[in-house]
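Hi,

Here is the structure I promised to pass on.

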Amino acid sequence: MPEDRASSVPVAVKRNHTLPPAPPGYLLFQLPKLQHQPIAYLGQMWREHGDLVRLRIMPGFALFIAMHPDHVEHIVSIHQNRYPKADFFLKPMGLVQGQGLFSSEGESWLRNRRLMQPAFHQKQLANLHAVILSAVQSLAAEWAEKPDGAVIDIAAEMTRITLKIVSLALFSVDISDDSDRLGQAFRTALEYVYYRLNTPLALPLWIPSARNRSFRGAKQTLDRVVLEIIQSRRQDPTPRHDLLSMLLAAQEEETGEGMSDRQLLDEVITLINAGHETTATTLAWTWHLLGTHPDVMANLVSEVQTVLNGNPPTFETLPKLQYTRRVLDEALRLCPPGIGLAPRAALEDDEIQGYFIPKGAVFNVATYFTSRHPEFWNDPERFDPDRFLPEQVTKRSKFAYIPFGAGSHTCIGKNFALMEAVMILATISQQFRIELVPNQPIEIDPRFTLRPKYGIKVAIWKRY
Ligand code: HEM
């Protein structure tokens, strides 16, 4: 297991047994609020009870919410070995992603993480730059066919482009078309996981309800199609520059063993899932923020025009798009794709901020609130990309801003996502003027990622 940064420090022997503050009574009947309006509900708990809150759901089960950067650091970094991902999360996620990185812990997670890490190194990203660029350019060419002022749902478009990019980057196949059976199977399977995560009394999978049967069918299609791709790749040695080629070639140093078809299947499904919805949601909200902040949009367009000078973004010019990157960083602070990290469960009794944390306590590390904590962020609800100027960043706790997580489970696709998102923002704003359609309903759908419930409608004009 990775090192617990404080594993040599003994947990205090004489403990304070005061539990973190909790609202009165059991909250079983408040669960719909927590599921359907989590931001409003958890925000209220934060205001009323402070940075560490205990929600007693029913006798024997409480959900602990951690919002302060120091608590986040305690749980996901310093004492990460005491807080693995909770079983009640791993099980439903595992229905689709099996033992993939996102839904596993322990030895099998560590082995796969080590095998997969090199595929995501910066130097490998250079190979994926061309894939991203050609996908974004083909999206721009499609948009250019539309009449000036055409209205599109930019949130849906971001889902389409990120699914296309991740499937091309992964195994050189585009599954983003609505009629694609793999894409369809994905959507059905993931809807089912959202349902399971949000429905504590869901019927067990072995009961042949319509929902369960539709999930099983979708999962079988997913497995069959992805396995076919993996097996045909094993037989065809033609070198390709995609992630699957790297994963197929990955071997453990000591044993020389690689990943089995089953492991590859789980990881491919995990990467498609983790690698598109998050980026799509981030970009959708970024366009919304740009639409509501014309001054920021103007700065971004001006940077793109100066740095790129009418050319596409290359791997070398990307780091020069520093304002564009700050816009993205700030959008991720205000509108992250998730309220928090995957739930963690305490392996042993512990203490945080002087409060007793009993063994088994389940934590929601609510980074949505951490990244607007007033001790660390001045006027936190204001959209201000300059918070991410280097001199501002160095002044803050690293744990006040962890949109990609921290500790050993940090997002493996972080650099890929950032490169992709900057390229999409830059290429589209270089070629199109984008304006939000006024008076449209904008709401968060909190079921899994915090995507916009009714999409985000924008009008687009070609720049000549
Ligand atoms: C803006 C885009 C993205 C955001 C905000 C994001 C965020 C995160 C976060 C917060 C975690 C940690 C979860 C936890 O500790 O509980 C995570 C893990 C993960 N992400 Fe991302 N992610 C993004 C894009 C991607 C992409 C593009 C990929 C792959 C192509 C990816 C693959 C993964 C995987 C496999 C994990 C699990 C890592 C592990 O546990 O070892 N993500 N992501």
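**What I found**

Let me start with the ligand: an N or O atom in the side chain of H409 sits 2.6 Å from one of its oxygen atoms. Before going further, bear in mind that this is a predicted model, where local features need pLDDT of at least 70 and side-chain atom pairs count only at pLDDT 80 or more, while totals for chains, interfaces and linings use all residues. Residues are numbered from 1 along each chain as its sequence is written, and side-chain values use heavy atoms, with hydrogens and water left out.

A polar side-chain atom of R113 lies 2.7 Å from an oxygen atom of the ligand, and A342 brings a backbone N or O atom to 2.9 Å from a ligand oxygen. I count polar contacts as pairs of N or O atoms within 3.5 Å; within protein, one must be able to donate a hydrogen and the other to accept it, and residues adjacent in sequence count only if both atoms are side-chain atoms.

Around the ligand there are 26 residues (a heavy atom within 4 Å of it). W109, R113, R344, H409 and C411 come nearest. By type, the shell splits into 15 nonpolar, eight polar and three charged residues, with Gly counted as polar and Tyr, Cys and Pro among the nonpolar ones. The helices α5 (106-116), α11 (261-292) and α16 (414-431) each supply at least two shell residues, and α11 gives the most, with seven. Helices here are DSSP runs (H or I, at least four residues), and strands are E runs of at least two, numbered from the N terminus.

Now the inside. The largest nonpolar core has 106 residues, and W143, M158, F171, I272, I428 and I434 touch the most other members. A core means buried Ala, Val, Leu, Ile, Met, Phe, Trp, Tyr and Cys residues joined through side-chain atoms within 4.5 Å; buried is under 20% relative accessible area, exposed over 50%, partly exposed in between (1.4 Å probe, protein chains only). α11 gives the most to this core too, with 13 residues. Domain 1 (1-97 + 337-370) and domain 2 (98-336 + 371-462) both contribute to this core, so it lies between them; the bounds come from an automatic or database domain assignment. A second, separate core of 21 residues includes Y41, I65, A345 and L450.

Cheers
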